[in-house]
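Please find below a colleague's note on the model under review. The points are numbered so that each can be read beside the sequence and the coordinates.

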Amino acid sequence: MWIVVIILMFAALIIVGRLVAFQVVQGPEWAERAGDEVLVIAKPERGSIFDRNGAVLAANTADYQIGVSPAWSLNPKS
Amino acid sequence: MQQSRYEILGVLQSDQSFALLSGRVSAEVADLVRALPYDGLQIDPLPRRFYPQNEMLCHSLGYVDFDGNGGSGVEGYYQRELAGEAASAVVNISPLTSQQSVIAHEGADLVLTIDRSLQYVVEEHLRQALQEYRAVSGSIIVMNPKTGAILAMASAPCYAPAEFYETDPSLLLNPAVSQQHEPGSVMKLITMAAALILAW
């Protein structure tokens, strides 16, 4: 019975030790690596539609969306 | 842009890290905005479908909504092939590691058996016929009897696929293929065929 308790305590100590090592000691290193990572989503362009002689029946163009980042802009005048 | 200067000024002076100044604007407005002396404006393209033939072949082509999903016509039927597949991955952008490229499966182009010039002529005839007989609607289909290829398919009333959001949904169905009609004289072919088979 006592042996089981000792083994469990030992296991718990190892787990806590690894956690400390992972988060506290190596923490900044992982955070830096995560900061370099970005989720890239590549969206494909829709195919065009042609008639039998190659005339374009449907194609792609773009509308625009205008955004601004006021917190990051350097000149407060508009 | 249709917004009060006061509103825009308020946003510009705020502390937000990002704010949208407008919804979809056309390319001309975007060019005008790009020419403004204020830097720090982000002008992002939003893809949009356009139809150089305007209303021609509206029913067969269908339309594409602002999310890129096709509806009705071949835009809807071949949605999966036309749209391709997006690819996403978490990629490390630090210059010290090798760069990974995220490649999406491009959308396929679609070639129809429709002949544009023939379609134009057919639509003209349909328009004149509707006027002459004061009809509400009509359809003309031109088909190559040997291959079954559809050379022209015109139905009226039509709509502009580029303005799908303003369209009455009852117009979106292609009457030539999706509506039920009484056979009329076409039935004679079937009775004739039946008679020939029985007499053989």
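1. The rule for salt bridges finds two across the interface of chain B and chain A. The model is a predicted one, and the values in this note are to be read accordingly. One salt bridge joins Arg48(B) to Asp63(A), with 2.9 Å between the closest N and O atoms. Between chain B and chain A, 20 residue pairs are in polar contact, both residues being at pLDDT 80 or more.

2. On the side of chain B that touches chain A, S2(B) gives the most, with 10 residues. Elements of chain B that each supply at least two residues to this side include helix H1 (5-12), strand S1 (19-25), helix H2 (27-34) and strand S2 (41-50). Further along chain B, helix H4 (73-77), helix H5 (79-83), strand S5 (87-92) and strand S6 (110-111) also each supply at least two.

3. As to the extent of the contact, 73 residues of chain B and 41 residues of chain A take part. Together the two chains bury about 4,900 Å², of which 55% is on carbon and sulfur atoms.

4. Which residues of the largest nonpolar core touch the most other members? They are Ile49(A), Leu61(B) and Leu112(B), in a core of 17 residues. Two or more residues of this core come from each of strand S3 (56-68) of chain A, helix H3 (58-61) of chain B and strand S3 (63-64) of chain B. A second, separate core has 10 residues, among them Ile66(A), Val68(A), Val33(B) and Ile43(B).

5. Residues up to four places away in sequence being left out, Ile49(A) touches Ala55(A), Val56(A), Leu57(A) and Ala58(A) in chain A. Its contacts in chain B are Arg49(B), Leu61(B), Val74(B), Glu75(B), Leu82(B), Leu110(B) and Leu112(B).

6. His59(B) belongs to helix H3 of chain B. Its relative accessibility is 4%, so His59(B) counts as buried, the cut-off being under 20%. The side chain of His59(B) reaches two backbone oxygens: that of Pro157(B) at 3.0 Å and that of Leu171(B), which lies 3.3 Å from a polar atom of this side chain. Neighbours within four places in sequence aside, the residues in contact with His59(B) include Gly73(B), Ser155(B), Cys158(B), Tyr159(B), Leu173(B) and Asn174(B).

7. The peptide bond from Ala156(B) to Pro157(B) is cis, with omega near 5°. Pro157(B) is placed in the loop between strand S8 (150-156) and helix H7 (175-178) of chain B.

8. Over all chains, the count of aromatic pairs comes to two. In one of them, Tyr77(B) and Tyr78(B) have ring centres 5.1 Å apart and planes at 90°, so this pair is edge-to-face. Tyr77(B) counts as exposed at 66% relative accessibility, while Tyr78(B) counts as partly exposed at 30%.

Notes
Residues numbered from 1 in each chain as written. Chains lettered and ligands numbered in written order. Predicted model: local features only at pLDDT ≥ 70, side-chain atom pairs only at ≥ 80, totals over all residues. Heavy atoms only, no water. Core = buried A, V, L, I, M, F, W, Y, C linked by side-chain atoms within 4.5 Å. Buried < 20%, exposed > 50% of the residue type's maximum accessible area, 1.4 Å probe, protein only. Helix = DSSP H or I, 4+ residues; strand = E, 2+ residues; numbered from the N terminus. Contact = heavy atoms within 4.5 Å. Phe/Tyr/Trp six-rings, centres within 6.5 Å; stacked < 30°, edge-to-face > 60°. Buried area = accessible area lost by both parts, 1.4 Å probe. Salt bridge = Lys/Arg side-chain N within 4 Å of Asp/Glu carboxyl O. Polar contact = N/O pair within 3.5 Å; in protein donor to acceptor, adjacent residues only side chain to side chain.
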